[in-house]
Amino acid sequence: MTVRILRAAELTPAPWKNGGGLTREIATGPEGAGADAFDWRVSLADVTADGPFSAFPGVDRVLTVVEGAGMDLVVGGEHHIVDEPLWPHGFPGDLPTEGFLLGGPVVNLNVMYRRARTRAETAVVCGTVRLLPPEGGTVLAVSLDDGAELEGGGDGVRLDRYEAVLAAGESPGVLRTMGQAVLITFSGG
């Protein structure tokens, strides 16, 4: 079993692939893979202005607004109003996409995965949830509030806002949230 705790203070802002904003990478599979080599990637994007999204050929994306009023996503010329917070919205990363802010800056949790190599399931959960990686896959839980706790195998580990637990193999235990968390499972394609 492999378990890692990913601390928010260690998430370094980096420019988007297209240079239009900043993102904080939470985790990638395989670890350390670049923008053109990942099987999956999870990050937080600070969006402060309208503009185009980076193109990712062969990649499916899931965007979850975790702060702010939301966006009008124009994906391949079709409008998608993403104004309900904490509601995962999937779209193909290879279609031209533009985002228009509905009421000021937002923070989006972005899940990206190469559709030919892996699958991802994204859900917002609250309360208590057992973290179960799929066979041969990975589970990632990102706390959206302070005070979540991972319980299992000894002492509990506290997770604050935007901190995460990443696990492969066996379950790392139970996550008890004070609010919500985003739960993502990755499995082979």
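## Aromatic pairs

Rings of Phe, Tyr and Trp, the last represented by its six-membered ring, are taken as a pair if their centres lie within 6.5 Å. In this predicted model, the count by that rule comes to three aromatic pairs. One of them joins Phe-38 and Phe-56, whose ring centres are 6.1 Å apart and whose planes stand at 55°, so that the pair is classed as tilted. This pair links distant parts of the chain, since Phe-38 belongs to the loop between β3 and β4 while Phe-56 belongs to the loop between β5 and β6, 18 residues apart. Both Phe-38 and Phe-56 are buried.

Another pair is made by Phe-53 and Phe-91, with ring centres 6.2 Å apart and planes at 70°, so this pair is edge-to-face; the angle lies over the 60 degrees that the class requires. Here too distant parts of the chain are linked, with Phe-53 in the loop between β5 and β6 and Phe-91 in strand β9 (residues 89-92), 38 residues apart. Phe-53 counts as buried because its relative accessibility is 13%, and Phe-91 counts as buried because its relative accessibility is 5%.

## The open sheet

Four strands, in the order β5-β10-β7-β8, form an open sheet with antiparallel pairing. Its edge strands are β5 (51-52) and β8 (78-82), each of which pairs on one side only. Within the sheet, strand β7 (residues 71-75) and strand β10 (residues 97-101) run antiparallel and are joined by five bridges; in β10, Glu-98 is the bridge partner of Val-74.

With a relative accessibility of 19%, His-80 counts as buried, because the class takes in values under 20%. When residues up to four places away in sequence are left aside, His-80 touches Met-71, Asp-72, Leu-73, Val-75 and His-89.

## The largest pocket

The largest pocket has a volume of about 270 Å³, and its lining is made up of 19 residues, of which Trp-16, Thr-23, Arg-41, Ser-54 and Arg-61 lie nearest the centre. By residue class, the lining divides into nine nonpolar, six polar and four charged residues.

Several strands contribute to this lining: β3 (22-29), β4 (40-47), β6 (59-67) and β11 (106-114) each supply at least two residues. The largest share, four residues, comes from β4.

Key. Residues numbered from 1 in each chain as written. Predicted model: local features only at pLDDT ≥ 70, side-chain atom pairs only at ≥ 80, totals over all residues. Heavy atoms only, no water. Pairing = 2+ DSSP bridges. 1 Å grid on protein atoms, 1.4 Å probe; cavity = no way out; pocket = protein on both sides within 12 Å on 5 of 7 lines; lining within 4 Å. Points joined across faces, edges and corners; volume = space filled by probe spheres on them. Nonpolar A, V, L, I, M, F, W, Y, C, P; charged D, E, K, R; others polar. Buried < 20%, exposed > 50% of the residue type's maximum accessible area, 1.4 Å probe, protein only. Contact = heavy atoms within 4.5 Å. Phe/Tyr/Trp six-rings, centres within 6.5 Å; stacked < 30°, edge-to-face > 60°.
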